[in-house]
Amino acid sequence: MPGWLHVGLASLYNVRMRLLAHPFILYLLVLAFGAIIGSFLSMLVYRLPIMLKRRWEEDCEALTARHKTPGRRETFNLALPASHCPHCEAPLGWMENIPLIGFIALGGRCRHCHTRIPLRYFLIELITTVAAGFSLARFGATPMGILAFIASACLIALTFIDLEEQLLPDAITLPLLWLGLLANVGGLFTSLEAAVIGAASGYLFLWLIYHAFRLLTGKEGMGFGDFKLFAAAGAWIGWELLPVLLLLASLVGAITGLALIALKRHGRGTPIPFGPYLAGAFWLALFYGHPLLFTYLRLAHGH
Ligand SMILES: [Zn+2]
């Protein structure tokens, strides 16, 4: 090992040891880090669907009008244009860019045009901050803790994008799947064998249900994004926990769906995205899978 790398790793180890001796400071740093990632996620939830739609439009144009030169459009990606109010397009000041605090300081309204900023931005930042705290509390300052937080961040982004757009982008579900398989090469959350079988059977199982449902009712009950998300869950937690995960997601989904119909917020025919329930159950299974499985088995055997 080169000398500088050795010195670098040793000082990182020192910092970690010092922080572990002061859990309060460690938690404070992790929560602040969570809030910053949350701020990134709220931007991602807003921008990624727009970027995807623009790309699809461009692909369609390219297919249908090959003879025309496609019109140039303004750049829109994760970095550009800089953060601004979606209503009056006033750029955000540095104060407003501070996660959580910015929203509270502004009272949830744009400083210039006083339009309400969707509560979603604040919620995403808050949930991500809490998820960072949970990752540290459950798995400690370890590679497992870091990976669990990355998975949490992906699930938060997927949940909110699915709620807004009924879409689970491949750009998040597929890297989540690969990362789960990689994490389990070292057997971090489950054995590699259980992870590979989990990824394949997760996809296949929902794919079969989708086609059975379509043949029986003539309707489409889920999107392909749901299969990929379930496959990713299998890659992280292994095939053994998938039945519990699906049961949990369906149960919460059915209860919420019935409640929404009862409250007349939803017509019977309106599709309700399944992604948020899958994502929530995925998170629970990743963090508390073994206690969950234990409870499930006890209930299933009736004692
Ligand atoms: Zn504004």
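**Fold and helix packing**

Modeller: Read from the N terminus, the elements of the protein chain follow the order α-α-α-α-α-α-α-α-α-α.

Biologist: How many helices and strands does the protein chain have?

Modeller: There are ten helices and zero strands; these are DSSP runs numbered from the N terminus, with helices being H or I of at least four residues and strands E of at least two. The model is predicted: local features need pLDDT of at least 70 and side-chain atom pairs pLDDT 80 or more, while totals for chains, interfaces and linings use all residues. Residues are numbered from 1 along each chain as its sequence is written, and side-chain values use heavy atoms, without hydrogens or water.

Biologist: At what angle do the axes of helix 4 and helix 10 cross?

Modeller: Helix 4 (residues 119-139) and helix 10 (residues 275-300) cross at roughly 25°, and their axes come within 11 Å. Axes are lines fitted to C-alpha atoms over the stretch in contact, and angles run from 0 to 180 degrees between N-to-C directions. Helix 4 is therefore roughly parallel to helix 10, a term for angles under 35 degrees.

Biologist: Which residues make the contact?

Modeller: Helix 4 contributes Phe134, Ser135, Arg138 and Phe139, and helix 10 contributes Trp283, Leu286, Phe287 and Tyr288; contact means heavy atoms within 4.5 Å.

Biologist: Turning to the whole chain, what percentage of residues is buried?

Modeller: Of the 303 residues in the protein chain, 37% are buried, meaning under 20% relative accessible area with a 1.4 Å probe, protein chains only.

Biologist: And what does the C-alpha trace span?

Modeller: Along its principal axes, about 60 × 55 × 45 Å.

Key:
Parallel < 35°, antiparallel > 145°, perpendicular 65-115°, else oblique. Buried < 20%, exposed > 50% of the residue type's maximum accessible area, 1.4 Å probe, protein only.
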